[in-house]
Amino acid sequence: MAREMNKAILENALNMTGRNKSKAARLLNISRYKFIRELNKVNGSMGERKEVFDYRTIRVKIARILFSLIWLSIVAFFGF
């Protein structure tokens, strides 16, 4: 019963905003990430997973790779 209610609330919010997930999340006063996660939960799919991708994770990985490359260059140059 609760699952159907959640689904109805999410679907109504989507319909009210022209299927715009960001606006629907704002309408419900929750984050877009949580809105999509809840939508996936009630629909039983992870099809929207791509939209929730966290770019901070990529930036951290890139920073670590760059740090490693710089460190290896310094070690190779000075012969530590």
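This is a predicted model: local features need pLDDT of at least 70, side-chain atom pairs count only at pLDDT 80 or more; totals for chains, interfaces and linings use all residues.
Let me start with a term: buried means under 20% relative accessible area, and exposed means over 50%.

First, the overall picture. The chain has four helices and zero strands. From the N terminus on, the order is α-α-α-α. There are 80 residues, and 18% of them count as buried. The accessible surface is about 6,600 Å², with 62% of that belonging to carbon and sulfur atoms. On contacts: take those between residues at least 6 apart in sequence, and 28% of them join residues at least 24 apart.

Now helix 1. Which of its residues are buried? Leu 10, Ala 13 and Leu 14 are the buried residues of helix 1. They cover an arc of only 100° around the axis, so they sit on the same side of helix 1. An α-helix has 3.6 residues a turn, so residues three or four places apart point the same way.

What lies against that side? The buried residues of helix 1 pack against helix 2, residues 21-27, and helix 3, residues 32-43. Take Ala 13 as one case. Leaving out residues up to four places away in sequence, Ala 13 touches Ala 24, Leu 27 and Leu 28.

Turn to the other face. The side of helix 1 facing away from the buried one carries the exposed residues Glu 4 and Met 16.

Then there is Ile 9, also in helix 1, which runs over residues 2-16. Is Ile 9 buried, exposed or partly exposed? Its relative accessibility is 42%, so Ile 9 counts as partly exposed.

A quick geometry check. Helix 1 has 15 residues, and at 1.5 Å a residue these should span 21 Å. The end C-alpha atoms are 21 Å apart, which agrees. After helix 1 comes Gly 18, with a positive phi near 70°.

Last, the core. The largest nonpolar core has nine residues: Leu 10, Ala 13, Leu 14, Ala 24, Ala 25, Phe 35, Ile 36, Leu 39 and Val 42. Helix 1, helix 2 and helix 3 each supply at least two residues of this core. Which helix gives the most? Helix 3 does, with four residues. As a general point, nonpolar side chains tend to be buried together in soluble globular proteins.

Methods:
Residues are numbered from 1 along each chain as its sequence is written. Side-chain values use heavy atoms; hydrogens and water are left out. Buried means under 20% relative accessible area, exposed over 50%, partly exposed in between (1.4 Å probe, protein chains only). Contact means heavy atoms within 4.5 Å. Accessible areas come from the Shrake-Rupley method with a 1.4 Å probe; for residues, only the protein chains shown count as cover. The expected span of a helix is 1.5 Å times one less than its number of residues. The arc is that of the directions from the helix axis to the C-beta atoms. A nonpolar core is a set of buried Ala, Val, Leu, Ile, Met, Phe, Trp, Tyr and Cys residues joined through side-chain atoms within 4.5 Å.
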